[in-house]
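Please read them with the structure open beside the text.

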Amino acid sequence: EEINNPGVIVDTGIQADSLYAGSYIVMAQFSEPPPPSQFGGPLDTSIGTGGYFSGNQHLELDCNTPSKLVSAVVYAETQNTITFELRDNIGNVLDDTTITVQIGEQRLYFDFDIPVGTDLELGVSAGNTDLYRNNGGVNYPYNFGSFASITSSSAGNQYYYFYYDLEIQPIGDVVITGCTDTSQIVIVAQP
């Protein structure tokens, strides 16, 4: 295998930590597709009693592997513009997005990067959201394989706030920025 020719594929499927950069530019790109998403949390609001809520509460999330919150279902009583947030365990915003929700059930796409951590907060930026939450029938924890778990809420174990049928995808332990093609590992000689 010749590594002195720019653009020549040397190997695929190599672990990023086993590559030697030396005098070469190394772009680690994975040959396997990302692990599949897992869905979890209550499938819908039918787990027990509840209602639309205008306060500012959140779910507590533990994450053992860097992951991505892809999507979740919310139920809105009114059309409203809401900022959804992922925060660390002391309330600092890690990621957010502002979405105008319509009346009723809808799947929203967040694309939040979830770091490894405990007691991360998944909530909204302010009250007056009029989103559905359960106050009965809640059964923590809600696990996503072995990589993430919703463990409680800011109001205790009897409440479940806003995010239903969550889709979370593990993205692995290594994140290499700047790579957009995840189909192979390429070693390119420096110019």
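1. The protein chain contains zero helices and 15 strands. Please keep in mind throughout that this is a predicted model, and that the distances and angles quoted below are computed from it.

2. Of the 191 residues in the protein chain, 41% count as buried. When contacts with a separation of 6 or more are considered, 79% of them in the protein chain come from residues 24 or more positions apart.

3. Six of the strands form an open sheet in which the order is 7-6-9-4-12-11 and the pairing is antiparallel. Strand 7 and strand 11, the latter covering residues 142-144, are the edge strands, and each of them pairs on one side only. On average, and with direction ignored, neighbouring strands of this sheet are turned by 20 degrees against each other.

4. On one pairing, eight bridges join strand 6 to strand 7 in the antiparallel sense, and Thr83 has Thr98 of strand 7 as its bridge partner. On another pairing, strand 6 is joined by four bridges to strand 9, residues 117-124, and these two strands also run antiparallel; here the bridge partner of Leu86 is Leu122 in strand 9.

5. Strand 6 and strand 7 form a hairpin with five residues between them, and Gly91, which lies in the turn, has a positive phi of about 95 degrees. Asp88 is placed in the loop between these strands, which span residues 80-87 and 93-101 respectively.

6. Which side chain of opposite charge is nearest to Asp88, given that Asp88 is buried yet has no salt bridge? The nearest is that of Arg87, at 7.3 Å, whereas a salt bridge would require a side-chain nitrogen of Lys or Arg within 4 Å of a carboxyl oxygen.

7. The side chain of Asp88 does have backbone nitrogens as polar neighbours: a polar atom of this side chain lies 3.0 Å from the backbone nitrogen of Ile90, and a polar atom of the side chain of Asp88 lies 2.8 Å from the backbone nitrogen of Asn92. If neighbours within four places in sequence are left aside, Asp88 is in contact with Leu94, Asp119, Leu120 and Glu121.

8. Elsewhere in the sheet, strand 4, residues 58-63, and strand 12, residues 148-153, pair in the antiparallel sense over five bridges.

9. Ser154 is placed in the loop between strand 12 and strand 13, the latter being residues 160-161. Is Ser154 buried or partly exposed? Ser154 counts as partly exposed because its relative accessible area is 31%, and the band for that class lies between 20% and 50%.

10. Leaving aside neighbours within four places in sequence, Ser154 is in contact with Gln57, His58 and Glu60. With Gln57, the side chain of Ser154 makes a polar contact of 2.4 Å. The C-alpha atoms of Ser154 and Gly123 are separated by 9.5 Å, while the two residues are 31 residues apart along the chain.

Key: Residues numbered from 1 in each chain as written. Predicted model: local features only at pLDDT ≥ 70, side-chain atom pairs only at ≥ 80, totals over all residues. Heavy atoms only, no water. Buried < 20%, exposed > 50% of the residue type's maximum accessible area, 1.4 Å probe, protein only. Lys, Arg positive; Asp, Glu negative; His and termini not counted. Polar contact = N/O pair within 3.5 Å; in protein donor to acceptor, adjacent residues only side chain to side chain. Contact = heavy atoms within 4.5 Å. Pairing = 2+ DSSP bridges. Axes fitted to C-alpha atoms, helices over the stretch in contact; angles between N-to-C directions.
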